[in-house]
Structures are given as C-alpha cells and as structure tokens.
Amino acid sequence: MKISIVDDHQMFVDGLASIIEQFPDIELVFTANNGKAFLKKLEWGIVPELVLMDINMPEMNGVELAEVLTNTHPQMGILVLSMLDDGQQIRKMIELGVRGYILKNTGRDELYRAIMQVARGESYFSQAVSENVLGTMVRQKDKEKEQYVKLSQREKEVLRLIAKGKTSQEIADELFLARLTIETHRKNIKRKLGLKSTAALVKYAMDQM
C-alpha cells in the first residue's frame with residue numbers, strides 16, 4: 001500500500017518515515033511539508049492510497065487540503081495525525097469526510113492499525129479523540145432523540161459501539177454475531193437516519209453517546 005506524509009516539521013516526518021519503513025506491507029512514496037506541496041507532487045502521477053497529514057501547516061493547512069482531496073480524490077484515505085485534540089476541529093474534519101484522526105503521541109501498533117483500517121475504507125479515531133469529541137460536540141438533542149428512537153435495540157447497541165471506535169469485526173465479536181450481520185445493521189442505521197457515509201454515521205454515533 002502506497003502512503004504519503006504531509007507535515008511541516010521535518011524531524012517528525014523523518015521519525016515517522018523510519019517507523020513506516022518497518023511495516024512490510026506499506027510503502028512511503030513521498031513526503032511534503034504542506035498541502036500545496038503535496039498537491040504539486042500529485043502531478044508527478046504517483047497517487048498514494050492514503051495520506052497521513054497534520055492540521056496546522058503553512059500555505060495550505062490540513063483542513064484546506066482535506067477539502068480539496070475529498071473532491072478531487074474521494075477514494076484516497078485521509079488519516080489526521082496531529083497534536084490538536086480540539087473537539088470542534090475534529091468535528092470539522094469528520095464533516096469533510098476524513099475517516100481517521102489520531103494524536104501524535106500514538107504508539108507504533110496503534111498507528112499501524114489506524115493506517116490499515118482507514119485504507120480499507122473503515123474509520124479509526126483514537127480513544128482520546130473520541131472522548132474529546134463526545135465531551136465538546138454541540139448536540140441537537142430534540143431532533144436527534146426523535147431519530148434515535150427509530151432504531152431497534154440491537155441497532156442502538158451497534159451504534160453505541162461505533163461511537164467507541166470499534167470495527168465491524170470487533171462489534172460482531174462483542175455481540176456474538178456475524179460480521180455480515182453487523183454490516184447489515186450499519187446499512188439499516190444509515191438508511192433509517194438518512195446518513196450517506198460512514199463518516200456521517202460515526203459523527204451521529206458520537207453525538208448520541
């Protein structure tokens with residue numbers, strides 16, 4: 001799997017690159033120090049499957065880059081790797097369609113897990129990020145309560161586990177169900193709530209919990 005790093009701190013980029021080089025199934029194709037430089041390098045014709053990006057960068061920051069990529073390269077996975085754990089900032093990235101957000105103090109194993117899940121089209125938000133969003137996200141209580149009661153008890157259980165950042169397989173294991181059953185529940189929840197994407201489902205789950 002081909003990935004890229006976008007961060008304005010070269011020492012951090014070098015350290016992260018050395019870790020990624022230890023992952024046998026991941027290839028670091030290039031790095032960039034801001035969003036504008038990253039877009040320029042895409043013109044080389046090498047398009048990574050996933051980009052690891054910071055938020056605070058000069059010239060073009062992570063939010064601006066995510067806005068561009070979700071329109072021009074919707075299949076590219078975006079995993080934010082930042083020191084920022086501000087709930088509103090995280091929510092903004094989720095609304096843009098970003099599927100993953102972890103902090104820079106994340107360990108090697110969690111970094112690998114996050115990369116692989118986001119690359120598969122799943123979501124990954126570290127526990128600290130999830131807890132921050134849960135504590136700061138503005139809730140539209142009346143409207144969301146009305147939507148929430150449309151769900152069956154099992155669907156509510158699945159939604160609760162989605163809010164904790166669990167994958168479909170982890171939810172299946174916890175509820176002693178098949179993964180296919182969980183995927184069906186996820187589809188039904190999105191249909192009932194009028195949600196169009198996995199990111200929207202994660203955001204809704206976090207709002208409810």
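User: How do you know that β4 and β5 are paired strands?

Analyst: Four bridges join β4 to β5, which run parallel. Two strands pair if DSSP finds at least two bridges between them, so four is enough. One example is Leu-79, which stands opposite Gly-100 in β5. Strands are DSSP runs of E with at least two residues, helices are runs of H or I with at least four, and both are numbered from the N terminus. This is a predicted model, in which local features need pLDDT of at least 70 and side-chain atom pairs count only at pLDDT 80 or more, while totals for chains, interfaces and linings use all residues. Residues are numbered from 1 along each chain as its sequence is written, and side-chain values use heavy atoms, leaving out hydrogens and water.

User: What makes β5 and β6 partners?

Analyst: Strand β5 (residues 100-103) meets β6 in the parallel sense over two bridges, and the definition asks for at least two, so they pair. In β6, Tyr-124 is the bridge partner of Gly-100.

User: Why do β2 and β6 count as edge strands?

Analyst: The open sheet has six strands in the order β2-β1-β3-β4-β5-β6. β2 (27-32) and β6 (124-125) each have a single partner strand, so one side of each lacks a neighbour in the sheet.

User: Why is α2 described as roughly parallel to α3?

Analyst: Helix α2 (residues 35-42) and α3 pack at an angle of about 30°, with their axes 9 Å apart. Axes are lines fitted to C-alpha atoms over the stretch in contact, and angles run from 0 to 180 degrees between N-to-C directions. Angles under 35 degrees count as roughly parallel, over 145 as roughly antiparallel, 65 to 115 as roughly perpendicular and the rest as oblique, so α2 is roughly parallel to α3. The contact (heavy atoms within 4.5 Å) involves Gly-35, Phe-38, Leu-39 and Leu-42 of α2 with Leu-65, Val-68 and Leu-69 of α3.

User: What makes a group of residues a nonpolar core?

Analyst: Such a core is a set of buried Ala, Val, Leu, Ile, Met, Phe, Trp, Tyr and Cys residues joined through side-chain atoms within 4.5 Å. Buried means under 20% relative accessible area, exposed over 50%, and partly exposed in between (1.4 Å probe, protein chains only). The largest one here has 45 residues, and Phe-38 and Tyr-101 are among those that touch the most other members. Helix α11 (residues 198-208) gives the most to this core, with six residues. Apart from it lies another core, of 19 residues, including Leu-16 and Phe-23.
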